[in-house]
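Morning, everyone. I have one structure to walk through today. Please bring it up on your screens.

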Amino acid sequence: MTNFVPELPQYRTVRGWMEDGADLRSLLMAEERMALICLDLARRVSGREASVLQQLAREARGHVACLEGICVLVTGEAPQVRGGAPEAGQTVPLLRRCYGLAMRALVTYEARSDDREYGPVFARLAARQRDQCRTILELTGTLGR
(Lines give C-alpha, C1' and ligand atoms only; values in the text may rest on other atoms or scores of the structure.)
Protein backbone atom coordinates (compact mmCIF):
# COMPACT_ATOMS: atom_id res chain seq x y z
CA MET A 1 0.00 0.00 0.00
CA THR A 2 1.31 3.43 -0.90
CA ASN A 3 1.23 6.16 1.71
CA PHE A 4 1.38 9.79 0.70
CA VAL A 5 3.85 11.99 2.51
CA PRO A 6 2.48 15.45 3.30
CA GLU A 7 4.37 18.41 2.00
CA LEU A 8 7.37 19.37 4.10
CA PRO A 9 7.27 22.83 5.75
CA GLN A 10 10.35 24.11 3.93
CA TYR A 11 8.57 23.59 0.60
CA ARG A 12 5.55 25.70 1.40
CA THR A 13 6.91 28.76 -0.36
CA VAL A 14 6.32 28.41 -4.06
CA ARG A 15 9.65 29.67 -5.39
CA GLY A 16 11.81 28.33 -2.57
CA TRP A 17 11.20 24.73 -3.52
CA MET A 18 12.62 25.20 -7.02
CA GLU A 19 15.73 27.23 -6.29
CA ASP A 20 18.31 24.45 -6.32
CA GLY A 21 16.32 22.15 -8.62
CA ALA A 22 16.50 19.16 -6.24
CA ASP A 23 12.75 18.82 -5.95
CA LEU A 24 12.28 19.25 -9.67
CA ARG A 25 14.79 16.46 -10.22
CA SER A 26 12.91 14.26 -7.74
CA LEU A 27 9.68 14.87 -9.65
CA LEU A 28 11.50 14.21 -12.93
CA MET A 29 12.79 10.88 -11.65
CA ALA A 30 9.29 9.85 -10.55
CA GLU A 31 7.83 10.67 -13.97
CA GLU A 32 10.68 8.84 -15.71
CA ARG A 33 10.19 5.80 -13.46
CA MET A 34 6.49 5.77 -14.32
CA ALA A 35 7.31 5.90 -18.04
CA LEU A 36 9.71 2.95 -17.70
CA ILE A 37 7.18 0.87 -15.77
CA CYS A 38 4.44 1.60 -18.30
CA LEU A 39 6.68 0.68 -21.24
CA ASP A 40 7.69 -2.55 -19.55
CA LEU A 41 4.07 -3.44 -18.81
CA ALA A 42 3.08 -2.58 -22.39
CA ARG A 43 5.48 -5.29 -23.59
CA ARG A 44 3.79 -7.85 -21.33
CA VAL A 45 0.21 -7.26 -22.46
CA SER A 46 -1.47 -6.83 -25.81
CA GLY A 47 -4.29 -5.02 -27.51
CA ARG A 48 -5.94 -1.94 -26.06
CA GLU A 49 -4.15 -2.26 -22.72
CA ALA A 50 -0.72 -2.18 -24.38
CA SER A 51 -1.74 0.89 -26.36
CA VAL A 52 -3.00 2.65 -23.23
CA LEU A 53 0.21 1.86 -21.35
CA GLN A 54 2.29 3.19 -24.25
CA GLN A 55 0.23 6.39 -24.19
CA LEU A 56 0.77 6.74 -20.42
CA ALA A 57 4.52 6.36 -20.99
CA ARG A 58 4.47 9.04 -23.72
CA GLU A 59 2.57 11.41 -21.43
CA ALA A 60 4.99 10.79 -18.57
CA ARG A 61 7.91 11.49 -20.89
CA GLY A 62 6.13 14.67 -21.99
CA HIS A 63 5.92 15.70 -18.34
CA VAL A 64 9.64 14.97 -18.01
CA ALA A 65 10.43 17.24 -20.95
CA CYS A 66 8.28 20.04 -19.53
CA LEU A 67 9.85 19.75 -16.07
CA GLU A 68 13.32 19.69 -17.65
CA GLY A 69 12.45 22.97 -19.37
CA ILE A 70 11.38 24.53 -16.08
CA CYS A 71 14.55 23.23 -14.42
CA VAL A 72 16.72 24.79 -17.14
CA LEU A 73 14.98 28.13 -16.70
CA VAL A 74 15.12 28.04 -12.89
CA THR A 75 18.59 26.58 -12.32
CA GLY A 76 20.33 27.31 -15.61
CA GLU A 77 21.20 23.68 -16.26
CA ALA A 78 19.53 20.61 -17.69
CA PRO A 79 19.08 17.75 -15.22
CA GLN A 80 20.20 14.23 -16.15
CA VAL A 81 17.47 11.81 -15.10
CA ARG A 82 16.93 9.53 -18.09
CA GLY A 83 17.59 5.86 -18.05
CA GLY A 84 17.45 3.15 -15.49
CA ALA A 85 16.11 -0.35 -15.52
CA PRO A 86 12.40 -1.11 -15.28
CA GLU A 87 11.18 -2.57 -12.03
CA ALA A 88 10.56 -6.28 -11.83
CA GLY A 89 7.29 -7.59 -10.56
CA GLN A 90 3.78 -8.60 -11.38
CA THR A 91 1.38 -6.38 -13.26
CA VAL A 92 -0.97 -5.24 -10.49
CA PRO A 93 1.79 -4.32 -7.99
CA LEU A 94 3.56 -2.35 -10.74
CA LEU A 95 0.34 -0.54 -11.60
CA ARG A 96 -0.05 0.23 -7.89
CA ARG A 97 3.47 1.68 -7.96
CA CYS A 98 2.53 3.81 -10.99
CA TYR A 99 -0.60 5.00 -9.22
CA GLY A 100 1.43 6.04 -6.17
CA LEU A 101 3.94 7.90 -8.34
CA ALA A 102 1.12 9.59 -10.26
CA MET A 103 -0.72 10.63 -7.10
CA ARG A 104 2.39 12.13 -5.53
CA ALA A 105 3.10 14.05 -8.73
CA LEU A 106 -0.52 15.23 -8.81
CA VAL A 107 -0.28 16.55 -5.25
CA THR A 108 2.92 18.41 -6.14
CA TYR A 109 1.53 19.84 -9.37
CA GLU A 110 -1.60 21.07 -7.61
CA ALA A 111 0.45 22.60 -4.80
CA ARG A 112 2.57 24.50 -7.34
CA SER A 113 -0.35 25.80 -9.39
CA ASP A 114 -0.23 29.19 -7.65
CA ASP A 115 3.34 29.94 -8.76
CA ARG A 116 3.31 33.30 -10.56
CA GLU A 117 5.51 32.20 -13.41
CA TYR A 118 4.91 28.47 -13.82
CA GLY A 119 1.52 28.07 -12.12
CA PRO A 120 -0.48 27.65 -15.33
CA VAL A 121 1.93 24.93 -16.47
CA PHE A 122 1.64 23.08 -13.17
CA ALA A 123 -2.16 23.41 -13.31
CA ARG A 124 -2.17 21.81 -16.76
CA LEU A 125 0.18 19.05 -15.60
CA ALA A 126 -2.17 18.42 -12.66
CA ALA A 127 -5.16 18.06 -15.00
CA ARG A 128 -3.28 15.55 -17.13
CA GLN A 129 -2.08 13.72 -14.04
CA ARG A 130 -5.67 13.33 -12.77
CA ASP A 131 -6.55 11.66 -16.08
CA GLN A 132 -3.52 9.39 -15.79
CA CYS A 133 -4.55 8.33 -12.27
CA ARG A 134 -8.01 7.40 -13.56
CA THR A 135 -6.49 5.50 -16.49
CA ILE A 136 -4.13 3.57 -14.21
CA LEU A 137 -7.08 2.53 -12.04
CA GLU A 138 -9.01 1.40 -15.12
CA LEU A 139 -6.04 -0.67 -16.25
CA THR A 140 -5.71 -2.16 -12.79
CA GLY A 141 -9.36 -3.18 -12.89
CA THR A 142 -8.99 -4.70 -16.35
CA LEU A 143 -5.63 -6.41 -15.93
CA GLY A 144 -6.19 -7.43 -12.31
CA ARG A 145 -9.04 -9.80 -13.14
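Start with Leu67. Contact here means heavy atoms within 4.5 Å. Leave aside the neighbours within four places in sequence, and Leu67 is in contact with Leu24, Leu27, Leu28, Glu31, Tyr109, Phe122 and Leu125.

A word on the source. This is a predicted model, where local features need pLDDT of at least 70, side-chain atom pairs count only at pLDDT 80 or more, and totals for chains, interfaces and linings use all residues. Residues are numbered from 1 along each chain as its sequence is written, and side-chain values use heavy atoms, with hydrogens and water left out.

Now the layout. The chain has four helices and zero strands. From the N terminus on, the order is α-α-α-α. These are DSSP runs, numbered from the N terminus: H or I with at least four residues for helices, E with at least two for strands. Of the contacts with a separation of 6 or more, 77% come from residues 24 or more positions apart.

Burial next. Buried is under 20% relative accessible area, exposed is over 50%, and partly exposed is in between, with a 1.4 Å probe and protein chains only. Of the 145 residues, 40% count as buried. The accessible surface of the chain is about 7,900 Å², and 53% of that belongs to carbon and sulfur atoms. The method is Shrake-Rupley with a 1.4 Å probe; for residues, only the protein chains shown count as cover.

On to the core. A nonpolar core is a set of buried Ala, Val, Leu, Ile, Met, Phe, Trp, Tyr and Cys residues joined through side-chain atoms within 4.5 Å. Which members of the largest one touch the most others? Out of 37 residues, they are Met34, Cys38, Leu53, Leu67, Tyr109, Phe122 and Ile136. The elements giving two or more residues to this core are α1 (22–44), α2 (47–75), α3 (91–111) and α4 (119–143).

Take α3. Its buried residues include Leu94, Leu95, Cys98, Leu101 and Tyr109. How does its span compare with what 21 residues should give? Expected span is 1.5 Å times one less than the number of residues. That should be 30 Å for α3, and its end C-alpha atoms are 30 Å apart, which agrees.

Cysteines. Cys38 counts as buried, at 1% relative accessibility. Cys66 is partly exposed, at 28%.

Last topic: salt bridges. The criterion is a side-chain nitrogen of Lys or Arg within 4 Å of a carboxyl oxygen of Asp or Glu. The structure holds five. Arg61 pairs with Glu32, with the closest N and O atoms 3.0 Å apart. That pair links distant parts of the chain: Arg61 in α2 and Glu32 in α1, 29 residues apart. Glu32 is buried at 2%, whereas Arg61 is partly exposed at 26%.

Asp40 and Arg44 form another, at 2.7 Å between the closest N and O atoms. Both lie in α1, four residues apart, about one turn of the helix. Asp40 is buried at 15%; Arg44 is partly exposed at 38%.

Arg134 is partly exposed at 43%, and Glu138 is partly exposed at 38%. Back in the Asp40 group, salt bridges with shared partners join Asp40, Arg43 and Arg44 into one network.
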